[in-house]
Structure formats: C-alpha cells, structure tokens
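I opened my notebook to look over a new structure. I wanted its overall build before any detail.

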Amino acid sequence: MSVETLARIQFAFTIAFHYIYPPLSIGLGVVLVLMEGMFLKTRNPMYERLTRFWIRIFALIFGIGVATGIVMEFEFGTNWATYSRYVGDIFGSALAAEGIFAFALESGFLGVLLFGWNRVTPRVHFFSTVMVALGSMFSAIWIVVANSWQQTPAGFHIVGTGLTARAEITDFWAMVFNPSSVDRLSHAIVGAFLAGSFLVLSVSAWYLLKGRFVASSQAAFKIALLVATLAGLGQLFTGHHSANGVAVNQPAKLAAFEGHYAASAPANLYLLGWVNNKTHKVTGLSIPGGLSFLVHQDLKAPVRGLDSFRPEDRPPVNFVFQTYHLMVAIGVTLIGLTLLASFLLWRGRLWRTRWLLGVFVGAVLLPQLANQLGWYSAEVGRQPWVVYGLLRTSAALSKAVTAGQVWFSLILFTLVYALLFALFLYLLNKKIQHGPDEGEELSESSHLSPASKRNNPVISHDAPTASGAALSHVSDL
Amino acid sequence: MYQTFNSVAMTTILGLDLAVWWFLVVGAVFTGYAVLDGFDLGAGAIHMLFRKEASRRVALNAIGPVWDGNEVWLVIGGGTLFAGFPVVYGTVFSAFYVPFMLFLVALIFRAISIEFRSKEPMAWWRKMWDWSYSVASIVVALSLGVVLGNLIQGLPIGADREFHGTWLSFLNPYALLVGLTTVALFAQHGAVYLLLKTENRIYARLTLIVRQTLRVFTGLYLLLSVATLWYVPHMLAVFRQQPWLFAVPLLTLALVLAIGRFLKRRRYFPAFVCSGSIAALLLLTVAAGLFPVLVRSTLNPAWNLTVQNSASSPKSLSIMLTMAAIGIPLVATYTSFVFWVFRGKVRLDSASY
C-alpha cells in the first residue's frame, strides 16, 4: 500500500477510536452538572451518590479520551508534515487555544472532581464540575473550528509558492467564524449531548429492569431524558442548517450525500438507496425533488451535481451517501425514542413500559454510531481535499516518512487500542455491575477522615441536611 | 513567507520581535512540562523500588490528583510549537517518527496504568500495572531526552526542510547519555516530591532512595557536561561570545550541590525547588546554546531551521501572544489552586486510587 493510503487509514482509525470518548465526556459533563446541581438544591444524598457514581465513569472515559487525544495532536506532525507547515499559521492557533483555554481547564479541575470530595466544600466541588464540563465543550469548540476551516477556509491568504506555500491568517474572527463553523460546532456538540445522555439512559434503564437502585435510577433517567429530548430536537435544527451550509459551501459534498450526478437538475431526497459508482444511478426510495426543496424551498430548482466537477475532484460517492443516510436514519430514531419516552413519563406510564426500557439499554450504541458516521460523511465528503479547494490530501504527507514506518505505527496502535478498548469495556461493565454506593461510602468516608469538608458537621455548616443524613448512616452502623 | 515578514516591518515588543517572544512562550511551556510532569515521571521511574503494596498505593496517590493537569503542559507545548513554528513541528515530528510513536504509546501506558491499577484487588493485576507504569515512565523520560540529545547535535536537514537520515542514527551515544541524564534528573525530582508527600515506611525508604538518585544524577550530569564539551562544541560558541551566560551552568552546578545539603537537613521543599530549577536551567542552557537556531542542519548551516525562517506570520503570532497573555496566567492560577487543595501529606480515602 502507498504511504498515502496507510497514513489515511491510520488517521481514520486513531481519530475514530478517539471520537468514541470526547462526545461521551461532553454529554456526561452536562448530566453531571445537572445531577450535582440537584444535590445542591435539594440536599438529597441520592443525587450525591449518583454524581459520585457517574464521575467515576466519567474519569474512565476522560482518561482514555486524553490518552488517545495526545496521539492526534502529534500525528499531524508525524504523518502530515507538509499539511502542518501549510496550515500551521491558522490551524495551529486553534490547537494552541484549545490547549490553553480548554484542556488545561478540564484536566486541572478533574483532580478536584475525583479526589476532592473530602477536601473542598460541596459548592467548590460543584464549581469544579461546571469547569470540567465547560472545559470539555471549549475543547470541542476549538477543534471543530479548526476542522471547519479545512472544510470552508476563510480569513486567510496564500503566501509563497511550491514548497514554501502556506496559508497565513488575515482575519482571526473570520477564520474562527468561517462559513461552516457555527453549523458544524452546534451539530457536533448536540451529538455529544446525545452520546452522553444515552449512556446514562442505558445504564439507568438496565438498573430499572433489574429492579436495582430504583429511586436513583429513575432520577438519573429523568435528568438524562431531558437532555436527550432537547438534544434530539436540536439535532433536527442543526442538521438541517449544516446541510444547507454544505449546499452553499461544498456543493460536491452535498451532491455526494444524495448521489446527485446531473450537472444542473432538480435533485431527489433519498430515504435509502445504493449508488452505482459506474452508471451514476441511484436505486432506492426517494422523494422526487426533495433535495431541491430542502435547499431552495422549490421542488423544481436545479441543484449542482457531481458531473459538474472533474472526476479527480469528486469524493467517493456511495460511501458518503451510505454514511450520511445511516446517520440521518439513526438521528430520526433517537428523536422518536426520546419523544415517546417523554410522553410516557408525562402520562406516568414510562416505568411500566418495560420493552421501551429494554430498547434504551441497547440504544446507547445509536448516538455513537451516528456521531461516527456523521464524521465519516463530513470528512470523506471533503475528499480529495484535505483543505477544501486548496490542498489535496495526497500532497499533505510527510515526505521523510516511509510506508514501513507507517505500517509499524499502524500495527502498534491497532494492538494498543484493542487492548485499551477491551480494558475500557471490562472496567465500565464492572463499575456498572457494582452501581452507585447505597450510602456506605458516604458514611465510611466521614468516618475515616474527620477533616472532611463534606460530611463533617463542624465544617459543613452550610449543609445541615447532608451531614445529618450521613451521621444517621454512621449511627446505623 | 519572507515577503510578509518585511511588509509588516517586523513588529517588535520591547525590542524583541514576535517570533522571539513566541520562542520564549514555547520554551516556557516545555520547561513547565519538564518541571511538573518531570516529578510524575520520576515517581514512576523509582516506583518499583517500593516493595510494599501500601507504599506503592501512597506513591501513586501522591501524584494522583495532579499528573493529568501536569501532562496538559505537553499538549499545550505541542500546540504552541505547531502554531508558532509549524515548519519545525512538521520537520521534527516526521523526522523522529519512530521514537515519537514509542513515546506516545508509553504515554498511553503511563496514563492507563495509573487509572486501571486500583480497579482490581488481585496481586498479579496490581503488579502488572506497577511494572507497566514504571517502564512507561522511564521510556517517556528516556525518549524525550534522546530527542533533545539529537536536537543538540543537529539533524541532516536538507534545503527542502525535510529530514534526510535514518531513525536508527538517533540512538547514538551522546543522545543516549542525554536520555539517561533526563531519567536520572526526573527520578531525583520525583523522589524529592514523594518525600514531601509521604510519611512512615515509604518515607523512610525514600530517604535512602533519594541519596542514590542524587548520586546517579550528579555523576551523569558531570559526564554529560564533559561529553558536550567534547562532542558538540558548537553549543559553546554563544558562551564564548557572551561569557556572562556561563552563570547558567554555574548556577546549575550550585543547585546540584545545594540539593545534597537541603536533603541532609531534611528541608525537602527547597530541595524540590532546586531539582525543578535544575530541569529549567538545563533546558535554558540548551536553548541559549542553539538560539536562534531551533533545528540545526548537519548538512549545511544555511538550511538550519531558525526562529526567524520557520515562524508563523507576525499577524498569527500577535494573536497567539494575546491568547497566551490571557491564558497562561489562568492556567497557572488553577494549577496552583489544585496543588493548594491537595497540599500536605497524602491521606488515602474512599476517593483514592
């Protein structure tokens, strides 16, 4: 295989694996803020137990997210040196901003989140939770801004030619708010909310089916369902906006989404289908003129098709078509699920509808799949460009790197990530089997460390209910 | 790229141009990484010298709440290098392809060993992650040192700004010596940190270990100084031109001697400040010796990658300097907050590893 193919496989593999984790952290962060906020508001220790439990799971996810994220940061330089030199003036500033403003925030406060239970007051702990949640969102902002600049470059000019050519920044805010960044950022963040909230929904539904931790699982389910329902509806909006943006800024990608070849003709909207890359025909179920309607609000308006692009400027059509349609189908399913569950909750029948809880247990995989597939269609749809219209992927490689070296690192990372994934699943399962502690841990910690700022009646005078509850546990022992 | 440089007429702040300021930022961030994650890596390097399960647990929890925040300095360092000197970032990282891949894998193993070790009670499980943690910490420190050692000597960089060598040449004696010295320095730094954070059995053991680490580091440091005079004389040019710069290595030597005295009097905090300062001063010595070159070409001095010819545009640098001016004090503030929350000796509780 060529260095280009190998380097692309490696990047795709490492980024796809990495992308399992940050969306979970972002979504869980929001759920954690709500849970711990409920604890501060009600002083009901059940919410503290829930927060502690989900922070332990958050830490596991966050740890792997960081470990695999550092690889990404260095991979630009190791495998894509020409690209790095070309975009560093712009892309680098977004990465540097991510490190300075986002990553340091979340990693710094994570220590307090995990180990600070007995060292800081509940309010300071809640503040740390908010900072970690915000930090993980700031990370997403800068990374998606940088990626969006690759899709729709703005605020730059090209300086130099040949080997020394590069993009230099002319307008920082035009770069940050490039034509696609707001659409894509909102779409990605809301997708992350879905990933995180569906994990909580899945685990809580499983406990409810097993009849374990019933009260706290119902509480957790309700919090996560609120996030998931709002996020699901939000995705309709952000998804539609994103697609309209693609129509304006990246017509080749939009045409690939729907397998639309004719250079200028009304375009169909497919529900599902198969694109024959040779005959340029799509077989499937479609709304005639549907794409024209979505883009121009007119069933007969022409949409620019792939035939108007040179063959070497077209993305792989069927792959983009399939990933895009699967993402949309999953998104619609998620909206249906959350609306149904919200309706049943309102009618007071949700906890009795066991089949739906069963569906939610497995539904944790759906937002993960949709997030992955969405990125595949976005990134493969940009091909053959690494920076749309400016730099081809084939020209972006490191010239000093050989196929053997990329093989070596690809095999190495495949093995390490396989091990990491197996350990992740094993430990996640173990934590879930164990579940939130039913009070023992709270009383144990107040028992063990008299200096605790949380359950010590002398210090935590601002928390009479919590300390009272903890004390009664101690006397129960 | 030179055209824009001239057209903006070399914006300067306090007489230094923006690229030099950004060089100082990148240097400060990597120094922060060496000082902060240095003690985590050092604690990992000497981890297997603790025999008892309880001691190992205390040692891990001593770095538990801070190591992740410390590692962030590396992420910021990579980002600032990419942003300010994209040419250096691309060239160096693709040149050191194999060592960097091993470094990244070791970094992953360091992280997951800390996270996973406490999740199961079985002795074999804990022993396995203890070994993995310790070996990974040593590999991270060693590979950083080897990269530094090669940067000091220079790389075969061509006119095309690409590396024209083979990766096996990285394993030369001088670079390996720099690598070993880095491991020893971090081990020393980590041992002093652990002395600050522990009590009882492990503390008693550390008072013995720290003497060994200091002895090994001092020996390697002197050997490295002689080897540098012998093998990489170009590092000395600037010291001959600006003799006052000799203050830096002299101060380093004074601090090495001071550590011994502080340790004898059981004054561990000043000893910790000394070992952190040594890491910073050694990096400063390297930076002073190379400046304004960032990557020296062994093929032709005209092909050196310098602060000037590999920097981002002045516009980009001024934006990022603004970000750094706002962001780095913030990072320092909450880093200090976290260290303050977890001040004092380690106490294990239900939240510990």
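My entries below take one chain at a time.

**Entry 1: what kind of model**
I noted at the start that this is a predicted model. I kept that in mind for every value I looked up.

**Entry 2: chain A, parts and elements**
I looked up the domains of chain A. Domain 1 covers 3-436, and domain 2 covers 437-477. Next I checked how the two domains sit. The C-alpha centres of domain 1 and domain 2 of chain A are 40 Å apart. Then I counted elements. I found 16 helices and 8 strands in chain A.

I took the radius of gyration of chain A, which is 25 Å. The globule rule gives 23 Å for 477 residues. The two values are close, so chain A is as compact as a globular protein of that length. I also wrote down the extent of the C-alpha trace of chain A. Along the principal axes it spans about 80 × 50 × 40 Å.

What share of chain A is buried? I found 61% of its 477 residues. I then turned to contacts between residues at least 6 apart in sequence. In chain A, 76% of these join residues at least 24 apart. For the surface, I noted that chain A exposes about 18100 Å². Carbon and sulfur atoms supply 69% of that area.

**Entry 3: chain A, charges**
I looked up 32 positive and 24 negative charges in chain A. Their mean positions are 6 Å apart.

**Entry 4: chain B, elements and size**
I moved on to chain B. It holds 13 helices and 4 strands. A compact globule of 353 residues would have a radius of gyration near 20 Å. Chain B has 21 Å, which agrees. Its C-alpha trace spans about 65 × 40 × 40 Å along the principal axes.

I took its contacts with a separation of 6 or more. Residues 24 or more positions apart account for 78% of them in chain B. Chain B exposes about 14000 Å².

**Entry 5: chain B, charges**
How far apart are the mean positions of the positive and negative charges of chain B? I looked up 26 positive and 13 negative charges. The distance between their mean positions is 14 Å.

Conventions
Residues numbered from 1 in each chain as written. Chains lettered and ligands numbered in written order. Predicted model: local features only at pLDDT ≥ 70, side-chain atom pairs only at ≥ 80, totals over all residues. Heavy atoms only, no water. Helix = DSSP H or I, 4+ residues; strand = E, 2+ residues; numbered from the N terminus. Rg over C-alpha atoms; globule rule 2.2 N^0.38 Å. Contact = heavy atoms within 4.5 Å. Areas by Shrake-Rupley, 256 points an atom, 1.4 Å probe, with all protein chains shown as cover. Lys, Arg positive; Asp, Glu negative; His and termini not counted. Charge placed at Lys NZ, Arg CZ, Asp CG, Glu CD. Domains from an automatic or database assignment. Buried < 20%, exposed > 50% of the residue type's maximum accessible area, 1.4 Å probe, protein only.
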